[in-house]
Every structure is written in C-alpha cells, then in structure tokens.
Amino acid sequence: MKKILIIGAGGQIGSELTVHLRKLYGNANVVATDVRECKALGETGPFAVLNALDAHSFAYTVNKYKIDTIFNLVALLSAVGEKDPQLAWNINMGALMNSLDVARQYQCAVFTPSSIGAFGPSSPKDHTPQDTLMQPTTIYGVCKVTGELLSNYYYLKYGVDTRSVRFPGIISNVTLPGGGTTDYAVEIFYEAVKHGRFTCPIPQDVFMDMIYMPDALNACVELMEADPARLVHRNGFNITAMSFSPEIICKEIKKHLPDFKMDYKIDPVKEAIARSWPNSLDDTCARDEWGWKPTWQLPEMATDMLESIRRKQAEGKL
C-alpha cells in the first residue's frame with residue numbers, strides 16, 4: 001500500500017483507521033473521504049467530500065490522487081438496515097460495486113469489511129467454520145454475503161486484488177457505533193462510567209463475538225500487506241478475539257465498579273438478529289494464511305475502555 005483511499009472515513013472504523021494508516025504510511029498518502037465534511041480528518045491529511053454512489057466522482061478521486069488501495073467502509077449497519085432494506089441495499093452494494101469497478105479500471109486493491117452478520121440461523125453456532133452454509137436473515141447480512149461473492153468474482157474475472165475480514169462486533173473508546181446489533185458492548189461502558197447503570201437490549205444468554213478496535217485496525221493492515229501467494233481465501237476471513245454474553249461483560253465491569261447495575265429491556269429486532277448470528281467463530285484460516293492473532297482479551301479491553309472513558313469524563317469530553 002502506497003497511496004490509500006478510505007471511503008466512509010467518518011464512520012466508526014474509518015475515523016480510527018484513517019489515523020492509524022496515516023501513522024504507518026504518512027499523512028499525505030492516506031486520502032480520507034466521506035459524504036459529508038469531516039474537519040478533524042482534513043486537518044492531518046488530504047480529505048475530500050465524496051458520495052461513493054457517484055461513480056464518476058469516485059473514479060476522478062482515485063485518478064487525482066493516484067490511488068493503489070481502496071478501503072471501502074461504506075455501510076448501513078444491521079439494526080438500522082432493517083428499518084429501510086432498500087436503502088441499505090442501495091448504499092451497501094452501490095458503494096461496493098463502484099469500489100470494485102473503479103479498482104478494475106485503475107488496478108487498485110480493495111478491502112471491504114464483511115461481518116458475522118453474513119451467517120444466519122442455519123450456520124453452525126459454535127466455532128462457526130470459515131466455509132459453511134450462509135443464509136442470513138437480515139438485509140445487512142444479505143449485503144455482506146453478496147459482497148463476498150462479488151469481490152471474489154472481481155478477483156477471478158478481472159484480477160482485482162480483493163480482500164476482506166468478517167468482523168465481529170467492534171468495541172472502541174474513540175468513536176461511538178452507529179446502529180449495529182453489538183452496539184450494547186460499547187454503550188455499557190459509557191453508561192457504567194456516567195450513570196452507574198445500564199439497560200441492556202440484548203438477552204442475558206446471547207453470546208456474540210467481539211474485537212477491540214486496535215486489533216481490528218491491525219487486522220486490516222496485516223491482511224492487505226499479506227503475501228497473496230499464502231491466501232487460499234480472500235473474501236472474507238473469520239476473525240475474532242473474544243465471545244461473551246451481557247452477563248459476562250457486566251461481571252467484568254463490576255470488578256472495576258462494584259456498584260454497577262444492569263437491567264434488561266429487550267429490543268425484539270436486535271434480539272432476533274443476535275440470535276441468528278454465531279456464538280463464536282473459528283478463525284483458524286486467518287491465523288494460518290496471514291498470521292492473524294489478536295492481542296486484546298476481555299479483561300484487558302474492559303480495563304482500557306473504563307480508563308479511557310474516565311479520562312474523557314475528567315476532561316469534560318463526555
């Protein structure tokens with residue numbers, strides 16, 4: 001990767017990936033774009049307002065900055081997508097299709113996140129394998145499966161260097177999530193620090209895979225820098241770091257905040273989505289093919305999250 005374009009740079013992953021990549025490759029070599037102005041990203045490197053659904057503007061931007069690698073991070077997430085499936089399809093697939101076709105024209109590599117949402121209730125629930133039945137029951141999941149297949153198609157037909165990972169829920173102390181089923185695992189930390197209590201929308205017995213943002217960022221870079229000769233798979237690799245239920249994360253927070261309280265008000269849409277997803281993923285292929293190995297587990301992540309949020313609170317940033 002020498003000249004990188006990030007579309008959807010203002011989102012949960014993009015806002016932190018932009019900073020991470022600029023540290024690694026230089027500010028001038030990472031072009032951040034989003035559908036609206038992002039002042040903070042424009043202060044440290046090149047930024048352009050770009051609607052990823054506008055193929056002409058997309059191609060113009062790639063050509064202008066001599067891009068060789070595209071990170072396509074545009075997506076409506078699982079819970080939001082269920083409110084307007086047609087909009088979710090148009091945005092998620094439109095941005096991907098333009099990313100792939102522009103990459104074909106300008107010989108770029110493309111990274112697009114897939115998700116645990118690509119699996120459905122008929123997939124094995126525990127240690128879900130890399131290659132298995134995938135019949136998701138959300139429009140978000142349908143888009144992710146389609147995206148994996150379309151990315152493979154562009155690699156096989158046109159030689160576009162496409163790569164992706166199936167992200168579990170991403171936990172971050174920097175950017176709040178935006179409408180996903182795993183959002184509770186971020187919100188619980190903020191509510192614990194601010195109010196000492198949390199009302200959980202996910203049932204207490206539901207397990208979902210999670211990953212801390214520093215590991216998620218490293219996964220993006222490690223996969224895109226991996227030797228292509230080692231890659232048996234491309235789109236997308238199972239990766240994970242931890243799997244827990246609301247009760248488990250609650251107990252972890254109580255180690256730091258003994259008076260913390262949690263009750264439940266179940267969101268039926270989020271419950272249905274969560275129960276259709278795996279309890280845990282088998283990430284053996286990612287480990288074998290490009291050396292994936294997470295560094296953050298639940299205890300270390302919980303400590304870091306709470307310390308970071310307390311600092312924000314002390315600085316008046318919450």
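Guide: A salt bridge is counted where a side-chain nitrogen of Lys or Arg lies within 4 Å of a carboxyl oxygen of Asp or Glu. In this predicted model, Lys255 and Glu252 form such a pair, with their closest N and O atoms 3.2 Å apart.

Visitor: Is Glu252 buried or exposed?

Guide: The general idea is that a residue counts as buried under 20% relative accessible area and as exposed over 50%. Glu252 is therefore buried, at 8% relative accessibility.

Visitor: How many salt bridges does the structure hold?

Guide: There are ten salt bridges in the structure. One of them joins Asp205 to Arg275, at 3.0 Å from N to O. This pair links distant parts of the chain, its members being 70 residues apart. Asp205 sits in the loop between strand 10 (197-200) and strand 11 (208-212), whereas Arg275 belongs to helix 10 (residues 268-276).

Visitor: Why are Asp205 and Arg275 classed as partly exposed?

Guide: Partly exposed covers the values between the two cut-offs. Asp205 is placed there because its relative accessible area is 47%, and Arg275 because its relative accessibility is 38%.

Visitor: Which residues are linked in a network of salt bridges?

Guide: Asp161, Arg163 and Arg234 are linked in this way. Arg163 is buried, with a relative accessible area of 2%, while Asp161 is partly exposed at 23%.

Visitor: What does Glu148 touch, if residues up to four places away in sequence are not counted?

Guide: A contact requires heavy atoms within 4.5 Å. On that basis Glu148 touches Ser114, Ala118, Met134, Arg166, Asn235 and Gly236. Glu148 lies in helix 6 (residues 139-158) and is buried, with a relative accessible area of 7%.

Visitor: Where is Arg36 placed, and with which residues is Arg36 in contact, leaving aside neighbours within four places in sequence?

Guide: Arg36 is found in the loop between strand 2 (30-34) and helix 2 (39-44). With those neighbours left aside, Arg36 is in contact with Phe47 and Val49. At 56% relative accessibility, Arg36 counts as exposed. The C-alpha atoms of Arg36 and Gly10 are separated by 8.2 Å, and these two residues are 26 residues apart along the chain.

Notes
Residues numbered from 1 in each chain as written. Predicted model: local features only at pLDDT ≥ 70, side-chain atom pairs only at ≥ 80, totals over all residues. Heavy atoms only, no water. Buried < 20%, exposed > 50% of the residue type's maximum accessible area, 1.4 Å probe, protein only. Helix = DSSP H or I, 4+ residues; strand = E, 2+ residues; numbered from the N terminus.
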